[in-house]
Amino acid sequence: SQCEIGTQDTSQCHIGRLRPSDLPEPKLFSSFDDENSTMDLPSGKKISYRNGSVERPSNWPQVQTTIATEVVVVPEAIPRSSVEEMMKLLRDFAANHDLDTDPDSVDGMPSYEIFIDSYRLETGVEDVNHVSKKVLEGDPEALKYRNDLRSKMHNITQPLLDDILTPFVQARFPEACNKTRHNEINHSSDRRCRPCFSLIRRYRHGERQSHLTHRDGHAVATVVVSLSDYGTEYLGGLYVGTDDGQREYVALNKGDAMFHRPILLHGVKVMDLKDRPERTERWSWILWYQDSATCEDHSEEWFKECAEAGDAICQAIHSDKLSGNKDMVLKAAEGGESRSNVKMAKKLLEPEFRMKFGNQAIEGAKHYFSIAAKSDHPEAHFGLAAMLIEDSNSQPTASSEQHTLLTQAIKHLEAASMVDHYFSMFNLGIAHIYGYGTPKGEVDMELGVQWILRSGLPEGFLVAAQFTGSVLGNKELAQQYYRKAITMGAEAPWRKTLRQEQGELNMKWPPSTSRDGMKPPLF
């Protein structure tokens, strides 16, 4: 087994041996009720659906919350024939025109999406998802073809929304969707849920294949309709969890729909088909609902009451609506909510806090990161690794003390890599290329490149191209990696701006004794 943090003798540990091929196979979500439920919709259609709840691992610390993380799946919510009609339009469009590749608001990766309907796009009111600001939406020639696609897609999707999806959302989530607030003029309610954004996303081999764990804080309810079949067109796909360190994949086939509230942590990791990876592709139709007929944002209300009642998850979500209210973040952290512990740690590591409180701020950050790491939060493991590597710079070069710190850092990077943390995998690759923290300080270029590629970062493909071509001598493969880097936006102005804002990808590694005192260049 791997060493525990703080172990002085690391000679017998397996740290530094993890390979991308060792990462776990996708665990499928299975925590559904024993029997399906049914619902009669106003259209006369009878819906059969499966209620589920994501279960927190028993060996993780518990969080002070009473909120269930519900997952609702409707098999064959829309007919496969409708899916085939949609896919024909989408494939014809994508064969001749570009999808949006503007940076995603969650992780800054190219989005590969197109909005097919949006209340704000139509009306021009406040555009919280920046649909109208996307580059191709400002191109008159591109817009002509996009609007033609939207018109044809609308003819297919609107009846599905009116007859099936929206009535189901309103009936399944009545506490959120049937609020009343009477208008003084006509005394009618304006708070029934309606879809305010409708978009298509594509993940495929050679392009974007992941989407970081997040909550849909802007949507009172989200619907994800699969336009692809699990197992034959893609593996992995949409995952859910109670924390960032948990991933259970929901196997969705064409026409299946998953419904959830904004409390649910979820993300996407599309894995290649084993026998024909180049054919891997996942398309989905995503709907974001608001509890307003005019798509007003009432999200500040959604978790206010339970946050004030002391629910840690509600406090974490509600604090985001209060511009990161520090008192509420602290309360959520004290209640065991991992993301809030990570926020507290990062706050204490900001220059102003380090200058004001010195070592007290550093120890406080370690404390908060360590709490979140008990739930395998990847950002917590990454943060602890960064602190250990920074500490290693103050130790004599090649000393046992430095090696111990680097070995402990590698353990955290490996733990974060187990749930596909981009930056941890990138730095794990750097560690192998420069011989940091491995049992004998050995350099393993090939394994390093494997980890950098597994990170999926656009810059990772550039680095892989560099090492594969100049060090490993495979020019043809290096060109393949370079082309993918460009496809992923590595040299696009928006990506360069993002990298300048977020800082370097690699940690503050010390000089490498395995590489004649060299330090990794800054990426």
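This is a predicted model: local features need pLDDT of at least 70, side-chain atom pairs count only at pLDDT 80 or more; totals for chains, interfaces and linings use all residues.
**View 1. Helices α8 and α9 pack against each other at an angle of about 125 degrees.** Here you can follow α8 through residues 326-334 and α9 through residues 338-348, with their axes 8 Å apart. The two helices are therefore oblique to each other. Their crossing is left-handed. On the α8 side, look for K326, V329, L330, A332 and A333, which meet S340, N341, K343, M344 and K347 of α9.

**View 2. R56 sits in the loop between β2 (46-53) and β3 (70-74).** Is this residue buried or exposed? R56 is buried, because its relative accessible area of 18% falls under the 20% cut-off. A polar atom of the R56 side chain lies 2.8 Å from the backbone oxygen of P61. The side chain of R56 also makes a polar contact of 2.8 Å with the side chain of S375. Leaving aside residues up to four places away in sequence, R56 touches P61, Q62, V63, T242, D243, Q246, S338 and S375.

**View 3. Four strands make an open sheet, in the order β6-β11-β8-β9.** The strands pair in antiparallel fashion. At the edges you will find β6 (210-214) and β9 (248-249), each pairing on one side only. Take a moment with β8 (residues 235-241), which is joined to β9 by two bridges. In this pair of strands, V240 stands opposite E248 of β9.

Conventions:
Residues are numbered from 1 along each chain as its sequence is written. Side-chain values use heavy atoms; hydrogens and water are left out. Two strands pair if DSSP finds at least two bridges between them. Buried means under 20% relative accessible area, exposed over 50%, partly exposed in between (1.4 Å probe, protein chains only). A polar contact is a pair of N or O atoms within 3.5 Å; within protein, one must be able to donate a hydrogen and the other to accept it, and residues adjacent in sequence count only if both atoms are side-chain atoms. Contact means heavy atoms within 4.5 Å. Axes are lines fitted to C-alpha atoms, for helices over the stretch in contact, and angles run from 0 to 180 degrees between N-to-C directions. Angles under 35 degrees count as roughly parallel, over 145 as roughly antiparallel, 65 to 115 as roughly perpendicular and the rest as oblique. A crossing is left-handed if the near helix is turned anticlockwise from the far one by less than a right angle, and right-handed if clockwise.
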